[in-house]
Structure formats: C-alpha cells, structure tokens
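Trainee: Could we go through this protein together, one question at a time? I would like to learn how to read it.

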Amino acid sequence: MNKIRNHNKKKHKTIWLICHYAQQPPYNTMLRYHNWGRQLVKRGYHVVIIAASTVHNTDIDVVEQTGSTETVCDNLRYFYVQTPKYSGNGIQRIRNMMHFCFGLKQYVRKSPRPDVIVTSGAYTFPFVRRLFQNIPVITDTLDLWPASMIQYADFSAQNPMVQMLYALEKKAYLESDALIFSMEGGKKYLKERKYASRIDFSKVFHINMGCDIQECDKNREKIQETLPWDKNKFNLVYCGSVRQANQVKQICDAAKELEQRKIEDVFIHIYGNGPDQKALEEYVVENKIKNIRFYGRIEKEKIPFLLSNSQGNLLTYKQVDLMRYGGSQSKLFDYLASGKPIICNAHFGYNLITRYHCGLVTKSQSAKDFADAVCKLRALPKEELEAMGRNSRKTAEAYDQPVLVDHLCEVIQYVMKRKKK
C-alpha cells in the first residue's frame, strides 16, 4: 500500500474520471468518483472529473446553478458537459446520454492531459476511446446496461436502442485496457457473454461502491437536528430513489399489513424522490396508511444522522435475474456505516447482509413477508440488534474509501504497465 502512494507522489499522474452522473456535492448523492478523486489527490495524483450538467431524477442543472462549466470542489476540478433536461427512462434520457458522449470532444485539448482515464458505463467507452486513442482507458461498470433496462424497465431485447447499447457494451469489454465492476459477480457476467473467449480476464477487477467512513461520521456529528419522528416508535428508514426498480410500493403495502396486524409502534420514513413519489403519496392517502411518511429529496450530508437514529434501514428492489451477479448500491454502504440492522427484500448473489449477518432478507417479495421481517427484527432482543449493528459497521469499514482506492491504484498501475509494454 505504501509503495503505491509513494510511487504516485513522485510521478504526479493525471487521472480523468468521466461519468455522466458524477456531479459535485451537494448536487449529487452518488459520490463514488468524488470520493475516489479526494483519495487520489492525497496520493499525489492530479484529478479531473467530467460530468453532465443535469442531475438524475431532478430538474437541477449544475451549470445553471453555478454559472460555469468549470468549478473546483474539494481540490477537484470539475468540467460539465451541458446536456438537455429529461425525466424517466425513455428517449429523452437516451438523448441526454448521447449529448454527454458527443460533448466530450470539447475537452480533448484540455490541460493537463490525462495519463489514465476512468470512464463510467460501457456505453461511454467507444466515445472516449475515439477521442483519446493513445491513453489507457479503464471502464468502470456500476450498472449492467442494457440488461437492467430489460429486467427493470421492461424494454424489449429487440429494441433498436437496446441492441445499440449491447454493441457499445461489447466493444467496451473487449477493448478497454482494464474493467472494473462494482458488483462482485462482474466476472461471472462476462463469462456468460457469447464473446467471453475474446476477453482478457486478467484485466477484470472488482471495486464495490463503499463509503467514506470519516465523512459519514463527520456529517453525523455535524447535523444535530430535531428528528421529525417519535423516538418512542420502532422507526425504519428508506433512503433512495422512488421508482419502479426500487419497489417502494412494497414498503407501503407492508406498512398497511402492519396496521392490519394492529402493530402500532412501527413507523416507516421514506427519504428520496423519483417518478413514483407522487403516485405513492396519493396511494398512501387513498388507502389511509398512517404509519408511513414521504419526505422527498434529502441532502447527502444529512443521511448519516437520520440512519443512525433509526432502529433499522430498508433496502428494497424489484427481484430480477441480474441480481445473481451481486449488488453495489450506494445506500447499502450508507446503511452499513450507520451501524444499524438492515431489512432487504431482494435475494442478491454475494449478499453482504447475509454474509456478515448485518440484518434480515425477506423470504419473498410479498408485503406479508416484508411485514414478517419487520416483526422479526422488532422482536429481537436488544443485544442481537446491537450485534447486527456492529456487524454492519465492521462491514462498512472493510469497504471504506481509502481501502477501495488502494485497489483502484493497483488497477491504474496495471494499465500504465500495459501501456509501457
């Protein structure tokens, strides 16, 4: 580890992190690349982050907010590609993505030139490779597009747009200098591709989403607000997107099931926004479900305070076949860092919750089984709840950002050595 850091301080390499969804805080809550950048700077690298101006699931445009396409945040240079606003997962979003990819050309002559580029999403790779032909490119995959579009959003596999994205994915996996998958089963996914025999598996690495423990703890101590709930209740918190893939309706139905069972001391708090939020708020009112509340979008820095004051945190997703390759949700690591038990409704491969005894996984995706899991957690002795919480925290520490960026530095050195050869 020390060799990596000392080596980098001497070389002062420049790393570009290109990700459509990597806007600086507080505009975005997916801080993988911001956290990576901060850690890389500590190791002596120069870091530039290039992102789209539009923030996913919002009507925020960072360029409109800041008045510039270039900003500095935590000693990191941010460049923004101006992209059209969109909502949902249809043609508007694809148009937005293409604007980002084609807009990268404006940064070809920016200084300092990158020694290595990390690009997020296989669909961006061909554009980055065409613009930066002699620079090693690492493709970081956080979501198995377009397979997730088919399984979560019901797109047809024969859809021309999906076929185009599969072609871009194939090119990225075959031609990238290295591949990083946030899900642990990324290598398994690759081995099941028809072109697997053409992939160099020595270039495939796994770096999960992780969290910044120090930042989480600092924010938890800094944010000392009056909690908007009754501390005498068994309070459960969900933080994340409110859309079809996240199955938040199942939480609402489980809340209704708990009321029908006359369980009056459980209250569920939903933080986050998305296309389903308004409909679910109306659903809760129409069905007179009184033990659940929606709060809307929450600033990232407030999340540790809220999670650490709950009795448990909720992780919900629509069960799909892709889950056998594992999950890599940012909110999972926020939950783990809070030191509280987790209830998960989905059966992921490589599941950290079950592997390290951090909480409960429901038997199925029914509201009844979800309510059963809530009741089981609620009935556990205090000592067992605290043990689950300690396991959660210990697991988060194993995925702390300094640990993960040590792995990233190994990948960077790997591609630099390949370039020399």
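This is a predicted model: local features need pLDDT of at least 70, side-chain atom pairs count only at pLDDT 80 or more; totals for chains, interfaces and linings use all residues.

Trainee: What kind of aromatic pair do the rings of Trp16 and Phe132 make?

Mentor: A pair of aromatic rings is described by the distance of the centres and the angle of the planes. Here the centres of Trp16 and Phe132 are 5.5 Å apart, with the planes at 75 degrees. Planes over 60 degrees apart count as edge-to-face. The angle for Trp16 and Phe132 is 75 degrees, so their pair is edge-to-face.

Trainee: How many residues apart in sequence are the parts that Trp16 and Phe132 tie together?

Mentor: Look at where each one lies. Trp16 is in strand E1 (residues 14-18), while Phe132 is in the loop between helix H5 (125-131) and strand E6 (137-141). The pair therefore ties together parts whose separation in sequence is 116 residues.

Trainee: Which helices does the pair of Tyr173 and Tyr189 tie together?

Mentor: Tyr173 and Tyr189 form an edge-to-face pair, 6.5 Å centre to centre and with 85 degrees between the planes. Tyr173 is found in residues 160-175 and Tyr189 in residues 186-191, so the pair ties together helix H7 and helix H8.

Trainee: Why does Gln277 count as buried?

Mentor: Gln277 lies in helix H11 (residues 277-286). Leaving aside neighbours within four places in sequence, Gln277 is in contact with Val242, Gly272, Phe294 and Gly296. The cut-off for buried is under 20%. Gln277 counts as buried because its relative accessible area is 15%.

Trainee: How many of the residues of helix H13 are buried?

Mentor: Helix H13 covers residues 330-337 and is mostly covered. Its buried residues include Lys331, Asp334 and Leu336. Of the eight residues in H13, the number buried is seven.

Trainee: What is the volume of the largest cavity?

Mentor: A search of the whole structure finds one cavity of 30 Å³ or more. Among the 13 residues that line the largest cavity, the closest to its centre are Gly327, Leu332, Tyr350, Asn351 and Leu352. By class, its lining has six nonpolar, six polar and one charged residues. The volume of the largest cavity is about 110 Å³.

Trainee: Which helix gives the most to the lining of the second largest pocket?

Mentor: The second largest pocket holds about 500 Å³ of space. Of its 29 lining residues, the closest to its centre are Leu31, Asn35, Glu215, Asn219 and Lys300. The elements that give two or more residues to this lining are H2, H9, H12 and H13. With five residues, the one that gives the most is H9.

Methods: Residues are numbered from 1 along each chain as its sequence is written. Side-chain values use heavy atoms; hydrogens and water are left out. Helices (H or I, at least four residues) and strands (E, at least two) are DSSP runs, numbered from the N terminus. Buried means under 20% relative accessible area, exposed over 50%, partly exposed in between (1.4 Å probe, protein chains only). Contact means heavy atoms within 4.5 Å. On a 1 Å grid over the protein atoms alone, a cavity is a set of points where a 1.4 Å probe fits but cannot get out, and a pocket is an open set with protein on both sides within 12 Å along at least five of seven lines; lining residues have an atom within 4 Å of a point. Grid points are joined across faces, edges and corners, and a volume is the space filled by probe spheres set on the points. Ala, Val, Leu, Ile, Met, Phe, Trp, Tyr, Cys and Pro count as nonpolar, Asp, Glu, Lys and Arg as charged, and the others, Gly among them, as polar. Rings of Phe, Tyr and Trp (its six-membered ring) pair if their centres lie within 6.5 Å; planes under 30 degrees apart count as stacked, over 60 as edge-to-face and the rest as tilted.
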